[in-house]
Amino acid sequence: MSSPLWPGQQHSLGSRLAARLLRAAGWTALLATPPGPKFIAAAAPHTSNADFWPGLFWKWSTRIPLHFVAKRELFRFPIGVFMRAVGGMPLDRRRAGGNFVDAVVSVIDREQEIIMLVAPEGTRSGGQYWKTGFYFMALKAGIPIGVTILDWQHRRVGVVGYVTPTGDIEADFAEIRALLSGVRGRRPENEIEAYPRPADLSGSERPGRAPL
């Protein structure tokens, strides 16, 4: 079975090699048909540093224009060469008045085609809630959220579906949870279910958690 490709792309020698290595390791690459040239890739569950490798080979095999942002100091030579090679983009928060979400939205707005990778759990060691910056990035930029899984139980990596943020954060997060049903990280005990912090619900309480 051939690896899925980003629309408009053709397989290169590098993408074919990445796809073969991914399959040899037992992984299946996924890429639900994107609704447009931009979206926020919300990657979950992110429970281990080892998530980097299937994610990287998925990026290379699908030729998706996947990027992430990091503080500009990390892009100095020599580490900057590696950061750019794996999709990193330097971010200067000062240009957006120190607001991280606005700074990322400005990066998205200037690109014709970009998939911005975010790990909403914010940690690999467990917790109670997802950070909501990714949600407000998508809402402000007017683009969908691509639910991007790292499913170690079934060896699946990639985008399984999309959620268009409406401003009703509870309803939108419920859609994200539905797309993550049955997905398990490398360390399931460190998973964080897709619930926003109560402070981001305008005072409403978080519903009870379902068992993992």
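Colleague: Is Asp 151 buried or exposed?
Modeller: Keep in mind that this model is predicted. The relative accessible area of Asp 151 is 0%. Buried means under 20%, so Asp 151 counts as buried.

Colleague: Which residue does the side chain of Asp 151 meet in a salt bridge?
Modeller: The bridge joins nitrogen to oxygen at 2.8 Å.

Colleague: How many salt bridges does a search of the whole structure find?
Modeller: Another joins Arg 184 and Glu 191 at 3.5 Å, N to O. The search of the whole structure gives a total of four.

Colleague: What about Arg 110 and Glu 111: which of the two counts as exposed?
Modeller: Their side chains meet in a salt bridge at 3.5 Å, N to O. Glu 111 has 27% relative accessibility and so counts as partly exposed. Exposed means over 50%, and the residue at 53% is Arg 110.

Colleague: Let's turn to the helices. At what angle do helix 1 and helix 2 pack?
Modeller: Helix 1 covers residues 13-24 and helix 2 covers residues 52-62, with their axes 7 Å apart. The two helices are oblique to each other, and the crossing is left-handed. The angle is about 140°.

Colleague: How many nonpolar residues are in the contact of helix 1 with helix 2?
Modeller: Helix 1 brings residues including Ala 18 and Leu 22, while helix 2 brings residues including Phe 57 and Trp 60. By class, the contact has two polar and no charged residues. The nonpolar count is eight.

Colleague: And how many charged residues are in the contact of helix 4 with helix 5?
Modeller: The axes of helix 4 (residues 100-110) and helix 5 (residues 133-141) come within 9 Å and cross at roughly 45°, which makes the helices oblique. Residues in this contact include Asp 102 and Asp 109 of helix 4 and Lys 140 of helix 5. By class there are eight nonpolar residues and one polar residue. The number of charged residues is three.

How values were computed: Residues numbered from 1 in each chain as written. Predicted model: local features only at pLDDT ≥ 70, side-chain atom pairs only at ≥ 80, totals over all residues. Heavy atoms only, no water. Axes fitted to C-alpha atoms, helices over the stretch in contact; angles between N-to-C directions. Helix = DSSP H or I, 4+ residues; strand = E, 2+ residues; numbered from the N terminus. Parallel < 35°, antiparallel > 145°, perpendicular 65-115°, else oblique. Left-handed = near helix turned anticlockwise from the far one by under 90°. Contact = heavy atoms within 4.5 Å. Nonpolar A, V, L, I, M, F, W, Y, C, P; charged D, E, K, R; others polar. Buried < 20%, exposed > 50% of the residue type's maximum accessible area, 1.4 Å probe, protein only.
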